[in-house]
Structures are given as structure tokens and as C-alpha cells.
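Open the model in your viewer and keep the selection panel at hand.

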Amino acid sequence: MLALAPVALLFARQEPDPMRLSIGGPGEITITPGQLCSTKTGAPATPADVARAARGKKWVFLGENHATSAHQNLHADVISALVRDGRNVIVGLEMLTRPKQPILDQWTRGDLMRFQFTKAVDWKGEWGFPFTYYEPIFSVCRDNHVSMVALNVPREWVRSVGRSGFAGLDTKAKLQLPANMSLVNASHRQVFTALMGGHPMTGSRGENIYSAQVLWDEGMADTAIKFRHSQVAENSVFVVIAGSGHVMYRQGINFRIQSRNEGDGITVVMTQSAVPIQAAKGVGDFVFVSAPERK
């Protein structure tokens with residue numbers, strides 16, 4: 001029996017696969033690179049299928065791998081499909097922070113050329129990844145007169161919470177956020193831990209880092225909710241574009257929105273793989289797997 005102990009220890013230390021967690025119901029589907037699939041049926045799907053699934057819903061949550069052209073192109077295709085389906089579409093972006101909203105408004109009105117916009121919004125400083133990847137999203141929004149929203153909270157807020165927890169936020173920041181940013185969602189912690197390689201964050205440092213993640217999700221949810229409350233158009237759908245870790249298993253931005261009784265939505269999770277993958281049905285309503293790109 002002692003000879004088997006190292007083997008058992010090896011298996012015990014395997015890192016959890018974030019795409020295969022036991023959250024949101026049993027079952028898995030197999031997805032090959034290049035496919036968008038419904039987790040309900042396991043069948044290939046199209047952007048039009050996403051739009052149909054979103055009928056009667058207030059939200060569509062699109063996760064992504066950042067700077068992955070297949071993912072940003074799919075975002076643009078889903079937005080187009082929602083427009084064709086007769087929805088009044090709003091698009092919120094993790095990529096830009098709240099203070100950049102006036103410049104984003106100028107873009108959607110057609111007041112700025114591409115080079116003027118990227119300079120005025122400080123795209124490189126705000127996001128870092130090349131604008132070329134995200135241009136299809138910006139183009140389809142402007143072409144269809146789709147409102148765009150800078151979802152993210154200022155970076156310094158996240159850094160402060162990562163260092164000192166919510167106590168690190170100054171009064172001005174606290175007044176712009178929900179009073180209660182709960183840290184007790186066990187499923188969200190499970191997703192966060194899996195994305196961190198399966199190693200639980202411990203001690204005050206670990207708790208502060210987790211608090212920063214909650215601030216990120218809660219802040220973007222809060223921005224989206226406030227914008228929706230300012231818009232009264234019928235048949236509207238708010239598309240949230242963020243990293244997949246912010247929407248997986250409906251435990252991130254989507255959880256924060258639903259917990260405030262602001263409605264549910266459709267979640268699309270995107271990832272990359274050179275080979276077919278197994279994905280938990282609970283990870284989202286649709287999963288897109290793209291082949292790795294050469295950059």
C-alpha cells in the first residue's frame with residue numbers, strides 16, 4: 001500500500017479544469033475547435049441561435065479570451081444577430097473604465113475617426129491589447145447605432161482593494177458602488193480558485209485579492225444596471241463583453257446582476273484549444289472553442 005501513496009498524491013494534486021466544475025447541474029458536452037455549441041443539446045449553434053435564446057431576456061453575457069480574433073469576431077456576429085432579431089441592443093465593455101464614457105459616446109455618434117478615438121480614450125493605457133482585435137465590435141456598434149458602455153471601474157480602485165481589501169477604497173469610490181459587495185458566494189470562490197490554478201488564496205493577502213475580483217464583477221454589474229435604468233427603450237438587451245472568468249457558471253457579473261433582481265440572461269463562454277474539450281453543461285448556455293492563434 002505504501003508504494004501506491006505517491007501515485008495517489010499525484011492524482012490528488014491535479015489542478016481542476018475551470019471548464020469542468022460541478023456547478024449548475026450535471027453533465028458535459030464535447031466541443032471541437034471552431035465550434036459554437038449549445039450546452040443544452042451539445043449541438044453546433046450559430047449567432048442567430050444565441051439571439052433566439054435571448055428572446056425575452058434582458059442580458060447576454062459574452063465571455064472571451066482577450067485579444068483572440070475569433071472571439072471578438074463572434075462578439076460582433078452575435079451583436080449583429082441581435083440587431084437582426086429586432087432587439088434594441090446596448091453593448092458594455094470590460095475594456096474601458098467609467099471615466100471614458102464621454103469619449104465612447106463620441107465614437108458611437110460617429111464624431112471620431114478610429115485614430116482619434118484610440119488616442120482620446122488612451123486605448124493602450126486603458127486596455128493594452130491592440131485595438132485591431134476589438135475593431136469589429138466597435139464597427140458593428142457604430143454601423144448599427146448601438147449604444148456602448150464603459151463598464152469597468154477605475155484601475156486604481158481594484159489595485160487598492162487588492163492591497164487593503166474594501167477598506168482601501170476612499171469615501172468617493174464607496175459612494176459610487178453598491179453598499180453590499182458580498183464575499184460569501186461559495187460557487188464563485190470555486191470558479192476563482194480553479195482559475196488561479198486550484199490553489200486557494202489564504203490569509204489577508206488572499207482575501208484581498210479575492211475581494212478585488214468581487215469588486216471587478218460587482219463594479220461592472222453596477223455600471224450596467226445604472227445604464228439600463230437610464231434607458232427606457234422597449235425590447236432592449238444589454239450585451240456584456242468581458243473575460244470568460246467574469247461570467248463562467250453565471251457566477252460573476254451575471255450573478256451580481258441577478259442577485260439585485262435585475263433579470264437573467266444568456267451566457268456564452270469562450271476558450272481556446274487545439275483539440276476537442278469537455279465542458280460542463282453548467283458553464284454557460286453556449287460554449288465556443290477556437291483554435292489557438294499565431295500572434
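**Stop 1: the salt-bridge network**

Select Arg-98, Glu-218, Asp-222, Lys-226, Arg-256 and Arg-260: salt bridges link them in a network. Keep in mind that this is a predicted model. Side chains of opposite charge can pair when their charged atoms come close. The structure holds 13 salt bridges.

**Stop 2: Arg-109 and Asp-111**

Now select Arg-109 and Asp-111. They form a salt bridge, with 2.9 Å between the closest N and O atoms. Is Arg-109 buried or exposed? Arg-109 counts as exposed, because its relative accessibility of 55% is over the 50% cut-off. Asp-111 has a relative accessible area of 43%, so it is partly exposed.

**Stop 3: Arg-114 and Glu-135**

Move to Arg-114 and Glu-135. This pair is a salt bridge too, and its closest N and O atoms are 3.0 Å apart. Colour helix H5 (residues 114-120) and helix H7 (residues 131-143): Arg-114 lies in H5 and Glu-135 in H7, so the pair ties together parts that are 21 residues apart in sequence. Show the surface next. Arg-114 is partly exposed at 33% relative accessible area. Glu-135, at 24% relative accessibility, also counts as partly exposed.

**Stop 4: Arg-189 and Glu-207**

Select Arg-189 and Glu-207. Their closest N and O atoms are 2.7 Å apart in a salt bridge. Which helices does the pair link? Arg-189 sits in helix H10 (residues 186-195) and Glu-207 in helix H11 (residues 203-230), distant parts of the chain 18 residues apart. Arg-189 is partly exposed, with a relative accessible area of 27%. Glu-207 is partly exposed as well, at 30%.

**Stop 5: the largest pocket**

Hide the pairs and turn to the largest pocket. Select Ser-38, Lys-40, Ala-53, Asp-285 and Phe-286, which lie nearest its centre among 13 lining residues. The space inside is about 200 Å³. Which helix gives the largest share of the lining? Helix H2 (residues 47-53) does, with three residues.

**Stop 6**

Last, find the second largest pocket, with a volume of about 170 Å³. Select His-66, Glu-94, Gly-243, Gly-245 and His-246; of the 13 residues that line this pocket, these are the closest to its centre. By class, the lining of the second largest pocket has seven polar, three nonpolar and three charged residues.

Technical notes
Residues are numbered from 1 along each chain as its sequence is written. This is a predicted model: local features need pLDDT of at least 70, side-chain atom pairs count only at pLDDT 80 or more; totals for chains, interfaces and linings use all residues. Side-chain values use heavy atoms; hydrogens and water are left out. On a 1 Å grid over the protein atoms alone, a cavity is a set of points where a 1.4 Å probe fits but cannot get out, and a pocket is an open set with protein on both sides within 12 Å along at least five of seven lines; lining residues have an atom within 4 Å of a point. Grid points are joined across faces, edges and corners, and a volume is the space filled by probe spheres set on the points. Helices (H or I, at least four residues) and strands (E, at least two) are DSSP runs, numbered from the N terminus. Ala, Val, Leu, Ile, Met, Phe, Trp, Tyr, Cys and Pro count as nonpolar, Asp, Glu, Lys and Arg as charged, and the others, Gly among them, as polar. A salt bridge is a side-chain nitrogen of Lys or Arg within 4 Å of a carboxyl oxygen of Asp or Glu. Buried means under 20% relative accessible area, exposed over 50%, partly exposed in between (1.4 Å probe, protein chains only).
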